Amino acid sequence: MSAIVFAGSAQFAAISIVAAGGGVGAAIGAAALMNARFLPMGIALAPSLPGSPLRRAAQGQTVVDASWALANRGDGRFDRHFLFGASAVQYVTWLTGTAIGAFGGDALGDPRALGLDAIFPAFFLALLLPELRDARSRGVALAGALIALALVPLAPPGAPVLAASVAALAGLKRRHARATAA
Amino acid sequence: MSGELWAVIAGCAAVTFAIKAAGPVTLGGRDLPPRFSGVIALMAPALLAAFVVTQALADGERLHVGADTAGVAAAGVVVWRGGSVLPAVAVAVAVTAGLRALG
């Protein structure tokens, strides 16, 4: 599953539903919802990917959260080679980690006691802070955070992050204000 | 593995492929109108902020402040004071593990 789906949160969502006795449809639906965040990420990435539709579809498969965030240049463009490289490293470590967990997971102890669950939010925060250059991006980040937080208790996992992308639509109407300022 | 589990895996793979391909196939390889690229530039702060809060301030489907929240906040201080990504992540892990060891 790690080899062909390669999206941790969706894998966990689907497996936990199967483990709880849920059906095939419910498991796939949960994974789809969890991965729906790749839709806005793919749209953001699209102008930076050249080639035929088939090539772009293949290149789009390399998107995962961390490499998407790293390849973002901050001006609406993405460094696609950086994206491919960062994803390749993660793909290999993800497969290695899955194999270690499957064959020796009991020997490792509790990852929470080691504080490993703080890695991803800390990493994303470190990438977020330099993005907050102007009032507009600060406002959008705040709005995205509030939307996501408000939806956590209400919506199924995955939906809060997807909904937060709506905050980026502020880019549509504030364009005029920025043009006058610049 | 049972057939049902393989059906879930195949379904997840197909759905994930379609989601990841949709944006690049429909919009790829050409420059978009300026209004649209303004939205794209703001995707990063919106999504990154959502990642941070849903992982640091929530546990599954409920809001939850814990040792990892403090660890992530410490990482924020490191970055804010000019530190780079790796030291920030290391501080987050150390603070989180330290707090859990204490309490």
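## Contact between chain A and chain B

The contact, meaning heavy atoms within 4.5 Å, takes 85 residues from chain A and 66 residues from chain B. This is a predicted model, in which local features need pLDDT of at least 70 and side-chain atom pairs count only at pLDDT 80 or more, while totals for chains, interfaces and linings use all residues. Residues are numbered from 1 along each chain as its sequence is written, chains are lettered from A and ligands numbered from 1 in the order in which they are written, and side-chain values use heavy atoms, with hydrogens and water left out.

The area buried between chain A and chain B is about 6,400 Å², where buried area is the accessible area (1.4 Å probe) that two parts lose on being put together, summed over both. Carbon and sulfur atoms give 77% of that area. Of what chain A buries against chain B, A:Gln61, A:Leu149 and A:Val152 supply 8%, more than any other three residues.

Two packed helices are described by the angle between their axes and the distance between the axes. Here axes are lines fitted to C-alpha atoms, for helices over the stretch in contact, and angles run from 0 to 180 degrees between N-to-C directions; helices (H or I, at least four residues) are DSSP runs, numbered from the N terminus. The table gives three pairs.

| Helix pair | Angle | Axes |
|---|---|---|
| α7 (residues 119-128) of chain A and α3 (residues 67-80) of chain B | about 30° | 9 Å apart |
| α7(A) and α2 (residues 34-56) of chain B | roughly 150° | within 9 Å |
| α2(B) and α3(B) | about 145° | 9 Å apart |

α7(A) and α3(B) are therefore roughly parallel to each other, a label for angles under 35 degrees, whereas those over 145 count as roughly antiparallel, 65 to 115 as roughly perpendicular and the rest as oblique. α7(A) passes α3(B) in a right-handed crossing; a crossing is right-handed if the near helix is turned clockwise from the far one by less than a right angle, and left-handed if anticlockwise. In this pair, A:Pro121, A:Ala122, A:Leu125 and A:Ala126 meet B:Val72, B:Ala75, B:Gly76 and B:Val79.

Confidence is given per residue by pLDDT, from 0 to 100. Chain A averages 74, with 73% of its residues scoring at least 70, and chain B averages 83, with 95% at that level. In chain A the lowest mean, 46, belongs to helix α11 (residues 175-181), and pLDDT stays under 50 over residues 177-182 of chain A. In chain B, confidence is highest in α3(B), at 93. The model scores ipTM 0.83 and pTM 0.75.

How values were computed. pLDDT = per-residue confidence, 0-100. Helix = DSSP H or I, 4+ residues; strand = E, 2+ residues; numbered from the N terminus.
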